[in-house]
Amino acid sequence: MTQLKRVGVLTSGGDAPGMNAAIRATVRACIYYGIEPVLIKEGYKGLIENRMKSADARSVANILNLGGTFLKSARCQEFRSKEGRAKAFENIVTAELDGLVVIGGDGSFTGAMLLQEEHGLPCIGVPGTIDNDIYGTDYTIGYDTALNTVVEAIDKIRDTASSHNRLFFIEVMGRDAGFIALNTGIASGAEDILIPEQEKTIENFMESLQKSGRGGKSSSIIVVAEGDRSGGVFELSRAVEENFPEYEVKVTVLGHIQRGGKPTCFDRVLASRLGVAAVEALKNGDSGIMVGVRDQQVVKTPLDRAISKHNQIDNHLMKVAQIVSL
Ligand code: ADP
């Protein structure tokens, strides 16, 4: 067991619901284990600008149920440079931090990895991103909340779609990964789902629309991930308008609504588990790893592996989507 005096915690990159629950768990785990927790504002920017404050158990009261991150997140260009990280490390030395918990996505983990490699500071990553695109964990914090937000929005859109002869393209987040699109598409009864992992051209899409006999169907919902490779929602909508004049085609981009809202029970529990696990990992002498969950168990993955690839899309789930949309 490593004797730790002070541990810092920050949130970085894209915010996600449940980050507050992870901060709270980290702070309280520190106190439980006799470590002084230090809150760092605005991610790596706050580290460089020395915006740190010691916390106690009450500093994180009443944040468990709130979306976003009360520490604020930031995208910090300066931290990408060696000099920027050296400046951050000077403040870390002055604040006498023995370790750092970084709640964020793969960009934030890259920063943590470099900080650790260059200056030897033990860093632990906690996966906080709605995209679920981090290897080494079945779920990232914020993903479940985002899924529920999207499904609720699509249910509402379906009400209006089915009242008219409308075909809706709904763009959801996921630049590199189709997890949100695939799962929300199935859960909301989408007629088709387009994701970046799948090679599909506009022509392929038009063919399947034609084949399925959906031309003339009373309404259709097509869920499209941001990173879909068939041209994006606006291109697709133009193509359908030209080929299926019987449809009134609409596009909805759900955008940042997907990042907000109160975290679900699932995300609060996940964030609590991982916040505690991060502090326990530091105590255990771990460094340069991410804590995640696999098959209901907390697992550790080296940061370089966590950022090296994504989890694979489940082929059976793809088949399920196809079958249930008949
Ligand atoms: P996310 O963590 O959600 O993937 P970003 O990719 O924006 O979000 O990364 C968050 C922050 O992490 C960046 O603003 C930057 O400060 C730091 N970071 C990202 N990539 C690197 C990198 N290659 N080297 C050093 N720091 C990085």
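## Close-ups of the pocket and its ligand

**View 1. The lining of the largest pocket.** By class, the lining is made up of 13 polar, 11 charged and seven nonpolar residues (Ala, Val, Leu, Ile, Met, Phe, Trp, Tyr, Cys and Pro count as nonpolar, Asp, Glu, Lys and Arg as charged, and the others, Gly among them, as polar). This is a predicted model, where local features need pLDDT of at least 70 and side-chain atom pairs pLDDT 80 or more, while totals for chains, interfaces and linings use all residues. Residues are numbered from 1 along each chain as its sequence is written, and side-chain values use heavy atoms, with hydrogens and water left out. Of the 31 lining residues, Gly13, Gly14, Arg75, Asp106 and Gly107 lie nearest the pocket's centre. A pocket here is an open set of points on a 1 Å grid over the protein atoms alone, where a 1.4 Å probe fits, with protein on both sides within 12 Å along at least five of seven lines; lining residues have an atom within 4 Å of a point.

View 2. The ligand sits in the largest pocket, meaning more than half of its atoms lie within 2 Å of the pocket's grid points. Helix α4 (residues 106–119) gives six residues to the shell around the ligand, the largest share; helices are DSSP runs (H or I) of at least four residues, numbered from the N terminus.

**View 3. Polar contacts up close.** These are pairs of N or O atoms within 3.5 Å. Ligand oxygen atoms lie 2.9 Å from a polar backbone atom of glycine 107 and 3.1 Å from one of glycine 14. For arginine 80, a side-chain N or O atom is 3.3 Å from a ligand nitrogen.

Technical notes:
Polar contact = N/O pair within 3.5 Å; in protein donor to acceptor, adjacent residues only side chain to side chain. Helix = DSSP H or I, 4+ residues; strand = E, 2+ residues; numbered from the N terminus.
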